[in-house]
Amino acid sequence: MFVAVAKDGNNLNFLIAFGKAVENNLVTCILFLMRLKESLGQGREVAFISNMDGVVSSYVDNVFTDSYQGYTCKSIHKYLRTRVGSGRSLETLYRITLKSYTMSTFVQKFSMLCRDAREVLTNIGHPKWPRAYFPIILWNVIDMEVPQYFSALSLNQLNVPIITLIEGIRSLTTVLTPYAQMVLQRWMQKSVGWQATHIPQQISSTLPTYVYVVSDFKTTCVVDLNGHTCSCGKWCSLNITCGHGIAAAHHSNMHELVDMVQVYYHADVFQLVYQTQTVHPLPSPSEWEIPDPLMVVLLPM
């Protein structure tokens with residue numbers, strides 16, 4: 001079975017397409033990818049994260065010639081254990097290195113890994129697995145599970161009918177998705193007491209600048225409120241303002257944090273993803289309309 005999964009605005013797995021075909025058959029694999037490309041439309045930047053499967057990568061290269069391809073962190077971790085062995089310290093360092101937001105942090109953490117691990121990961125290719133090397137389109141996706149049908153839902157939605165789930169999404173009254181609200185709330189709590197200092201513009205201009213230096217008691221970062229960037233890398237990665245951005249916004253008396261969150265995390269955009277006119281409740285068995293050919297089979301002998 002072929003399964004294509006993406007992330008929605010609530011950071012949940014979203015099933016885009018699936019199909020069944022002969023395993024490792026070039027024709028059927030290419031056909032599925034061509035249909036996927038048609039459904040995504042022209043001019044869309046596309047990136048793929050898959051398990052360490054060279055066959056899949058070659059199929060993708062045939063259809064999505066300009067796409068980025070990376071590997072899931074779980075498949076890299078599994079490969080690393082088979083080559084180097086397992087251990088809590090190795091796994092912890094690997095995770096920290098994997099999640100580095102900036103290149104300088106990645107280099108620092110990567111150097112702390114043992115020589116064998118560094119050699120294995122280098123042979124895989126740095127652009128394939130650490131977040132610091134990902135293009136912007138992929139910065140917040142370091143792993144992607146291919147779900148069964150119900151694992152695409154959050155834990156508190158697993159035991160509800162699809163109609164209830166969709167109605168719950170339709171009835172959202174918040175401005176942002178629950179995931180974006182959670183991230184913002186976390187950074188708001190962490191950034192309490194952080195110090196922000198405005199950097200005066202160096203070149204005379206009629207337009208005001210909103211560049212700040214923010215200290216979080218451990219590091220000092222530069223925030224550009226107009227450009228929606230922070231030197232910590234988190235704002236660009238998540239497309240949700242980091243704690244440094246919140247501290248700078250408070251210093252500049254900007255209170256609309258919603259404007260510091262990418263539009264696809266807005267609840268109204270999230271609702272459009274699941275908007276449907278074709279999902280209807282299933283009636284009771286007594287109301288089912290069974291075609292005549294099937295009735296013959298279902299009749300008792």
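## Terms and basis of the model

Helices (H or I, at least four residues) and strands (E, at least two) are DSSP runs, numbered from the N terminus. The structure is a predicted model, in which local features need pLDDT of at least 70 and side-chain atom pairs count only at pLDDT 80 or more, while totals for chains, interfaces and linings use all residues. Residues are numbered from 1 along each chain as its sequence is written, and side-chain values use heavy atoms, with hydrogens and water left out.

## The chain as a whole

Twelve helices and eight strands are present in the chain. Of its 301 residues, 37% are buried, a term for a relative accessible area under 20%; exposed stands for over 50%, and partly exposed for values in between (1.4 Å probe, protein chains only). The accessible surface comes to about 18700 Å², and 57% of this belongs to carbon and sulfur atoms; such areas come from the Shrake-Rupley method with a 1.4 Å probe.

A contact requires heavy atoms within 4.5 Å. Of the contacts between residues at least 6 apart in sequence, 54% join residues at least 24 apart.

## Confidence

The predictor's confidence in each residue is given as pLDDT, from 0 to 100. Its mean over the chain is 78, and 75% of the residues reach 70 or more. Over residues 147–159 the pLDDT is below 50, and this stretch has 15 contacts in the model beyond near neighbours in sequence. Residues 294–301 also stay under 50, with two contacts beyond four places in sequence. Where pLDDT is low, the predicted coordinates should not be read in detail.

## Helix 1

Helix 1 covers residues 26–40, and its 15 residues should span 21 Å at 1.5 Å a residue; the end C-alpha atoms are 21 Å apart, which agrees. The expected span is 1.5 Å times one less than the number of residues.

The buried residues of helix 1 are Cys29, Ile30, Phe32, Leu33 and Leu36. Seen down the helix axis, the buried residues fall within an arc of 160 degrees, so they line one face of helix 1; the arc is that of the directions from the axis to the C-beta atoms. The face turned away from this buried side carries the exposed residues Val27, Glu38 and Ser39. After helix 1 comes glycine 41, with a positive phi near 90 degrees.

## Helix 4

Arginine 95 is placed in helix 4 (residues 88–98) and counts as partly exposed, at 32% relative accessibility. Proline 130 is 35 residues away from arginine 95 in sequence, and their C-alpha atoms are 9.3 Å apart.

Threonine 97 also has its place in helix 4, but this residue is buried, at 0% relative accessibility. Not counting residues up to four places away in sequence, threonine 97 touches Phe106, Lys109, Phe110, Leu113, Trp129 and Pro130.

## The annotated span 219–253

An unreviewed UniProt entry annotates residues 219–253 as "domain: SWIM-type"; such annotations may be inferred rather than shown by experiment. In the model this span is 40% helix and 20% strand, and its end C-alpha atoms lie 23 Å apart. Histidine 228 lies in the loop between strand 7 (220–224) and strand 8 (229–230). This histidine 228 is partly exposed, with a relative accessible area of 31%, and has a positive phi of about 55 degrees although it is not a glycine.

The loop between helix 9 (234–238) and helix 10 (243–251) holds threonine 241, which is buried at 0% relative accessible area. Leaving aside neighbours within four places in sequence, threonine 241 is in contact with Leu184, Trp187, Trp235, Ile246 and Met260. Asparagine 239 lies in the loop between helix 9 and helix 10, and its phi is positive, about 60 degrees, although asparagine 239 is not a glycine. Most residues other than glycine have a negative phi.
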